[in-house]
Amino acid sequence: MKQPSATVADSAAIAEAAAILEQGGLVAFPTETVYGLGADAENPAAVARIYEAKGRPHDHPVIVHVAPGADLDYWTTDVPYEARQLVQAFWPGPLTLILKRHPRIPDAVSAGQDSVGMRCPSHPVAIALLRAFKGGKGGLAAPSANKFGNVSPTTAQHVRDEFGMDAHDDGALNGDDACSAAELSRVLEGGSSEVGIESTIVDMSRLATHGPVLLRPGHISAQQIADVIGMLPAAPDQAAPRASGTLESHYAPRTPVTMLAADGFAATLSQLHARGVKVALIGHGLPAALTASAHAQRVLPADPAGYAYGLYAALRDMDQTGASLILVETPPQDAAWLGVNDRLRRSVFGSAGVIAALLQK
Ligand code: TXA
Ligand code: MG
C-alpha cells in the first residue's frame, strides 16, 4: 500500500476538481473533520452517484457544504436568528446545522425530508474548492468518503483504500472495486484531518417546538452551542429524523472492537495472550509493561482533541494487523469526551461477548 502524499492539492488540481464537479462527477476532498465524497448538490444525478459509490441506503440524507459567506437563504427557509448566531460563531468550522430546506434542494440530497444539513468547512482545500466550484455560489453534497458503515477517512490514502484507487493515478481502476472507483474520479490531497471525527450536528429546523437538538456530538460541544444561543441542545428523541451516524453499528472496522477499563486490562490481556489470541490495543495511558504482550498497539494522546485526531487512523491501522480483536482502553466518560465515546460505542456494536468466545476456542 502506498503512503499518502505529503503534498496538498494546488490551485490547478482544485480547478480541475471543480470542473469535474460542475460536469456531474464525484470528487473526494479534505475537510477539517474527515474527508468528504462530494457532488453538485443541485444535480440529482450527481447526488445519486454518491449513494451508489458508498453503497448508502437512499433514506439517509447528505449534508450540503458551502463556501464562507454563502447565502443561507438560497438553500434553506425560515432560518431562525439563533441559527445565524451559530453560523457567525462557528463557521467555517466543524458544525452542521439542520434547517428547513428550500425547494431547490433535490429530494436526493435530503432523502425526502423537509430539512437539510448545512455546513461550511474550515479546511483550506475545502474552502478553495467551494470557491472555485460554480464561482463560489454552488453547494457540494458530501457524506464522509467511506463505504457505508465503515470508519470515516481522515487522509486521502484512506479514501483511496476505501474505493480501491491507486495513489497519483486518480480514477484508475484497481481490481475488485472497479465500479466504485469509476464513479470517483479525483481525491484532493489535504493531509490528515485535524479534528478527526465528524462534525457536531444540531437540528435547528424545529426550534420553536423542539428547541435545538444534538443529533451527533463532535468537537464543538453542546455547552459551546448553549454559550452562543442560550439554549442547551437536547439529546434526540425517538421521533427525531434519523442521522445515519446514529445507527447503532457504524464507524466499524472488520476486526471486532471491545472496550475495557484500564484496571481490567492486564488480566484479560494475559488470558488472551496465553491462548495465543492476537490482540491489537488502542490505549491512551496504558503502562508499557501492560502492552508488551499485544500483537500491535497504538497509544493515543490522553486529551479528547488529540485522541479524536488519531482515532480513525488507529482503528484502520489496527484493523490491518491480522489481530483477532481490537481492545480499546475505555476513555474518560466526561462531557469533553462525548464525541469520542459516541464513535467508539458504535464501532464496538455487535462485538459483545467476543472476548469470552475467543477464550473458549
Ligand atoms: O464532518 C462531517 O459532517 C463530514 C464531512 C465530510 O463534512 N460529513 C459527514 O457526512 O459526516 P455523513 O453523511 O457521513 O454524515 C452526515 C449525517 C448523516 O448521519 C445524516 O443522516 C445526517 O448527517 N443528516 C444529514 N441531513 C440530515 C437531515 N436533514 N436531518 C437529519 N439528519 C441529517
Ligand atoms: Mg459518514
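Me: Happy to look at this with you! How many bridges join strand 12 to strand 13?
Reply: This is a predicted model, where local features need pLDDT of at least 70, side-chain atom pairs count only at pLDDT 80 or more, and totals for chains, interfaces and linings use all residues. Residues are numbered from 1 along each chain as its sequence is written, with chains lettered from A and ligands numbered from 1 in the order written. Strands are DSSP E runs of at least two residues and helices H or I runs of at least four, numbered from the N terminus; two strands pair if DSSP finds at least two bridges between them. Strand 12 (residues 279–283) runs parallel to strand 13, and the bridges joining them number four.

Me: Which residue of strand 13 is the bridge partner of leucine 281?
Reply: Strand 13 spans 296–299 and is an edge strand, pairing on one side only. Within it, leucine 281 has as its bridge partner glutamine 297.

Me: What is the order of the strands in the open sheet?
Reply: Strand 11 (257–260) and strand 13 are the edge strands. The open sheet has four strands with parallel pairing, in the order 11-14-12-13.

Me: What angle does helix 13 make with strand 13?
Reply: Helix 13 (residues 304–319) packs on the sheet, touching strand 12, strand 13 and strand 14 (contact: C-beta atoms, placed from the backbone, within 7 Å). Angles run from 0 to 180 degrees between N-to-C directions of axes fitted to C-alpha atoms, for helices over the stretch in contact. Between helix 13 and strand 13, the angle is about 175 degrees.

Notes
Two residues are in contact if their C-beta atoms, placed from the backbone, lie within 7 Å.
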